[in-house]
Amino acid sequence: MKRNILLYVGLVFTTLILVSSCIKDDTPGVGNAGTPQLKIMGAPKQSLFYSPFTDVKKIDLLSVRRDETSPAGIDQAITVKIMAEPDSVAAYNDANGTTYEPLPDSVFSLAGNGTSRDGNLYVVPMASKAIGNELTILLDGSKWDVTHKYAMMFTVADAAGLKIADGAGSIFVTIEAKNKWDGVYAVEGSQADIYSPELGNINLYLSYDNQYADPPMQFELRTLSPTKCICYDNYFYGGEYKPISVNNGDGTFTYSAYGSFCPIFEFDPATDKIIGVTNSYGQPASNSRSAAVDPSGQNQYDASSKTINIKYFMLQPSLIPDPYIRVSFTEKWTYLGPRG
């Protein structure tokens, strides 16, 4: 279970100067200055992935939030109107080489929350003192052929007199099946950092002091595409982080994380080989860090045992000469179950 440790993290990051990050509170509140705004959370794109199902699942397609600047503003009930633009799906496919289909009416119905629909126009009310509401549907899994990928573009058509926040007036929502590697894994292994040898696998810290989480470390593989998964920490920090231990040299350990580094695994669906590892923050990220698969590893998912054996690198040419390999990771991932 993930622990709330961010206050401790800040102290360690400052001391080690290892991580540069900015944690944003994206929940609007009531202030006393500026212009009241409305935004679609997660804009401009939200990707939803689900394991195949045959019952009916409640899904939040999007969340609308208002940022009022006075108590009087939040006291007012408002109604926001959202326009679905199915024709935009084809344009998105043309621009991105994808094969999404507009979400058909036959596979879903509205789930409540006071929302209603008139053709492609969705009406989303916000009650007095409510900061937002969701456009929620009931998706009928028995009517969803998981070989089909659905999508819809939504745009604010009426913001109820509020200013639409920059870049938050439209969202492209996709609904796809999870790939077969998606799930929660226990992760064990080792790492070697030639620039900072005191930095090691997070399990060293968890074994020394498990007040925040028990070893071994757990990661989620979250579907990004039919062949790619991002390694998401929903156990220790919470987010796209690579937690690490810090050997203090006196038998004690603390913890930190590599800033702007989070691996994405790419699989060959025919062989279950891992054919690529990249950094979710960019190849390279702003601090020059990138990721690469280590060809000396097994780099294989075993479907019978649901385990992954992988070796990969973190490269950092701003600190390390050619071939730029700063950290070598050797890991075994053991499947624990589906993620929530």
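**Reading the fold**

Analyst: Start with burial. This is a predicted model. Buried residues make up 46% of the 340 residues in the chain. Buried here means under 20% relative accessible area.

User: What secondary structure does the chain have?

Analyst: Count helices and strands. The chain has four helices and 24 strands.

User: How do I read the contacts?

Analyst: Look at sequence separation. Among contacts with a separation of 6 or more, 67% join residues 24 or more positions apart.

User: Which residues touch the most other members of the largest nonpolar core?

Analyst: Such a core is a set of buried nonpolar residues joined through side-chain atoms within 4.5 Å. The largest one has 38 residues, and Leu221, Phe236, Phe265, Ile308 and Trp333 touch the most other members. Strand S23, residues 307–315, gives the largest share, four residues. Another core, of 32 residues, lies apart from it; Leu62, Ile82, Leu135 and Ile137 are among its members.

User: What does Leu221 touch?

Analyst: Skip residues up to four places away in sequence. Its partners then include Trp181, Tyr185, Cys229, Phe265, Ile308 and Trp333. Asp182 and Arg339 are also among them.

User: And the surface and charges?

Analyst: The accessible surface is about 16,100 Å², with 52% belonging to carbon and sulfur atoms. There are 27 positive and 36 negative side chains, and the centres of the two sets lie 2 Å apart.

How values were computed
Residues are numbered from 1 along each chain as its sequence is written. This is a predicted model: local features need pLDDT of at least 70, side-chain atom pairs count only at pLDDT 80 or more; totals for chains, interfaces and linings use all residues. Side-chain values use heavy atoms; hydrogens and water are left out. Helices (H or I, at least four residues) and strands (E, at least two) are DSSP runs, numbered from the N terminus. Buried means under 20% relative accessible area, exposed over 50%, partly exposed in between (1.4 Å probe, protein chains only). Contact means heavy atoms within 4.5 Å. Accessible areas come from the Shrake-Rupley method with a 1.4 Å probe; for residues, only the protein chains shown count as cover. Lys and Arg count as positive and Asp and Glu as negative; His and the chain ends are not counted. The place of a charge is taken as NZ of Lys, CZ of Arg, CG of Asp or CD of Glu.
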